[in-house]
Amino acid sequence: MIIGKGSNCLFDDLGFDGCVILNRMEWMEVKGVGVYKVGSGYRFNRLGMQCSNEGFTGLEFAAGIPGTVGGAAYMNAGANGQETANVVESIDVVTIDGKLQRFERADLMFGYRSSPFQRMPNLAAIVAVTFRLQSSTISRTKLQQYLERRRASQPIGERSAGSVFRNPSDLGIGAGELIEKAGLKGFRVGGAMISKLHANFFINANGSTSQDMLDLIAVAKDKVYQKFGVELKEEVLYVNPSKLLHNNKLVV
C-alpha cells in the first residue's frame, strides 16, 4: 500500500502484513498564473500557505491540514466552505499495471469527502494534481483567519488522526456536535479519549492502542445512533493486517 503522511490512517495493533511505501513525490511546478502542478507527496498545508501568500484563493483551508496533496485529492479534503475538488484542473495517476493516466476535472465526480479514486479498482497511486486558482487580494487574510479558527477549535497539538467521522449531510449539525450532545466529550476507552475541545477528534491521551481507538469509535457511533437516530460514517481510514478499509469497504 502507498500512503503520504498517513495523517488520517489508523493502523491495526498488528500492523500491516505487506509493503508500505511512503510517497515522497514532493515537487511543484508553476505552469501559469495561478496554475500549480504538484507532486502527490507535497505537503498540502505547505501548498495552501504558499498559494495564499502569493495572492491566489481556493486553497486557504489547506494551510491547517497535515496531509499530502495526493491524500487531499483522494479524500476530497475540505474546510471552511472550500474543498479540494473546487480548484482541481486535472489529476495524474498510475495504475497497478504501471500505466500513467490523466483525468480532467470534467471527467471526475467528487462528493463530500469522496472521490472516484476511492472506487477505482486498478489505482496504484495518485501521482500529481494540477490546481487552477483565482487571484485574490484577501487570500492572505482568509488564510490567517482560517488558521486562527482552527487553533481555537481543534486539538492541534494532540496526537490524533484528524476528524474521525464525516459530517452527516442535510442535518445542519456536525458529527462533533452530535457526539458532544451525546455527552461524550472527554470520554475514554483505555488510552483513547474524545477531545474536550472538539468531539470529532479522538486523541491518544495515554498510550492508546488501535483497539482502544476502534472501541471508542464504536461507543460514539452507538451513543449517537441511540440518542439521535443518526448513523455516523468514518472519515478515518482503518488499516488491518491484510487490507485497507474505508467504512468497512475494501480500498486496496
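Is Lys 221 buried, partly exposed or exposed? At 23% relative accessibility, Lys 221 counts as partly exposed (buried is under 20% relative accessible area, exposed over 50%, partly exposed in between, with a 1.4 Å probe and protein chains only). This is a predicted model: local features need pLDDT of at least 70, side-chain atom pairs count only at pLDDT 80 or more, and totals for chains, interfaces and linings use all residues. Residues are numbered from 1 along each chain as its sequence is written, and side-chain values use heavy atoms, with hydrogens and water left out.

**Salt bridges**
- The whole structure holds ten salt bridges (a side-chain nitrogen of Lys or Arg within 4 Å of a carboxyl oxygen of Asp or Glu).
- One of them joins Lys 221 to Glu 234, with the closest N and O atoms 3.3 Å apart.
- Glu 234 is buried, at 15% relative accessibility.
- Lys 142 pairs with Glu 60 at 3.9 Å, N to O.
- That pair links distant parts of the chain, 82 residues apart.
- Glu 60 is buried, with a relative accessible area of 1%.
- Glu 231 meets Lys 233 at 3.7 Å, N to O.
- Glu 231 is exposed at 53%, and Lys 233 is partly exposed at 41%.
- Lys 37, Asp 92 and Arg 102 form a salt-bridge network.

**Around Thr 130**
- Thr 130 is buried, with a relative accessible area of 8%.
- Leaving aside neighbours within four places in sequence, Thr 130 contacts residues including Lys 37, Val 88 and Glu 89 (contact means heavy atoms within 4.5 Å).

**Ile 138**
- Ile 138 is partly exposed, with a relative accessible area of 46%.
- Ile 138 and Asp 12 lie 43 Å apart, C-alpha to C-alpha, and 126 residues apart in sequence.

Terms used: Helix = DSSP H or I, 4+ residues; strand = E, 2+ residues; numbered from the N terminus.
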